[in-house]
Amino acid sequence: MFNIGIIGCGKIAQVRHIPEYTAHPEAKLAGYFDLNQARARELADRFGGRAYASWQEMLEDPAIDAVSVCVANNAHAEISIAALKAGKHVLCEKPMATTLADCEAMVEAARESGKFLMIGQNQRLTRAHQKARQLIAEGALGSIISFRTTFGHGGPETWSVDPGKNTWFFDKNKAAMGAMADLGIHKTDLIQYLIGQKVVQTTAKVTTLDKRGADGQLIAVDDNAICIYQMSGGAIGTMTASWTFYGAEDNSTVIYGTKGILRIYDDPAYSMKLITADGEKVLYELEAIQTNDNQTKSGVIDCFMDCLVKNTQPEISGESVLTAMRAVFASLESSALGRAVDVKQD
């Protein structure tokens, strides 16, 4: 049995982390910290464990074995590194951190401490994405030529635990990035996972088109990011992240190869469709993709707990996410410079 601490008790902790830990036989919710102390105490009363006065106090407690870091983006690195140095395993929400240097420092802290660092890139864990990766690896599409991958919805202000235009997602000091950090990191990490190639060059436009804060002014973080990715194996494609899809969410990916096309989560009737070059169609009914309005089990907690129980590195380790984070930061640079930027993938 592993004693789990929750650092940051907002929406993602309440709809995914806490319920999924509660359902896991080897996890025991033992501690909570939130800047809203009443919120932490309420969760402790509901699920057991104690509310801590600070995250530092939680990390000093030897009874805590591992923590979920579910705070605002700007605090991910500081808390994760401190937790690793305190001998705790860490599951950190995405985006990993707000600078590449911080991402690399997190990975180094995990390496030095011997503790696990996992990042909540849950798109790798959906059944359709895992099946797609398998089919591509087996050669069902032949050589990958191009792709488009999209993640868009109406914005985080309707989903945040404190909904409205004052959400921390719109605060540049706390969030650093907008749609690119919230959604773009998911699809950047995913396309690398699916086709087994790294982003080596990006031409990006990361901008604010429509989203306004409580003051009526355009928010200080991006609400749209459109990137052209050149991949290490020669494929080229687009990644779109948006907070201005004011209707149904789009969480689709389409991959084009020399032997056919794979369409993932772009048809409500089928989670995946394989269309071969000779016209044959193979339809897959696996499961529906999660949406803000339809939260289902993410698999992230099961994956994290599995690595704790078996004492094996998490599949979605911090180190494995570094390549996607490099592409994200290179995209911000590309947008600022107005030209293509090479992604230095060590």
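The model is predicted, with local features requiring pLDDT of at least 70, side-chain atom pairs counting only at pLDDT 80 or more, and totals for chains, interfaces and linings using all residues. Residues are numbered from 1 along each chain as its sequence is written, and side-chain values use heavy atoms, without hydrogens or water.

Helices (H or I, at least four residues) and strands (E, at least two) are DSSP runs, numbered from the N terminus. Six strands form an open sheet in the order β3-β2-β1-β4-β5-β6, with parallel pairing. Pairing requires at least two DSSP bridges between two strands. The edge strands, β3 (50–51) and β6 (117–119), each pair on one side only. Strand β1 (residues 2–7) pairs with β4 (residues 66–69) over four bridges. Ile6 stands opposite Ser68 in β4.

Helix α9 spans residues 300–310, and its buried residues (under 20% relative accessible area, 1.4 Å probe, protein chains only) include Val300, Phe304 and Leu308. The buried residues of α9 pack against β1, α1 (11–23), β2, β4, β5 (89–92) and β6. Contact means heavy atoms within 4.5 Å. Asn311 follows α9 and has a positive phi, near 55°.

His89 lies in strand β5. His89 is buried, with a relative accessible area of 11%. Leaving aside neighbours within four places in sequence, His89 is in contact with residues including Asp65, Lys115, Phe304 and Leu308. The side chain of His89 also reaches the backbone nitrogen of Phe116 at 3.0 Å.

Notes
Buried means under 20% relative accessible area, exposed over 50%, partly exposed in between (1.4 Å probe, protein chains only). A polar contact is a pair of N or O atoms within 3.5 Å; within protein, one must be able to donate a hydrogen and the other to accept it, and residues adjacent in sequence count only if both atoms are side-chain atoms.
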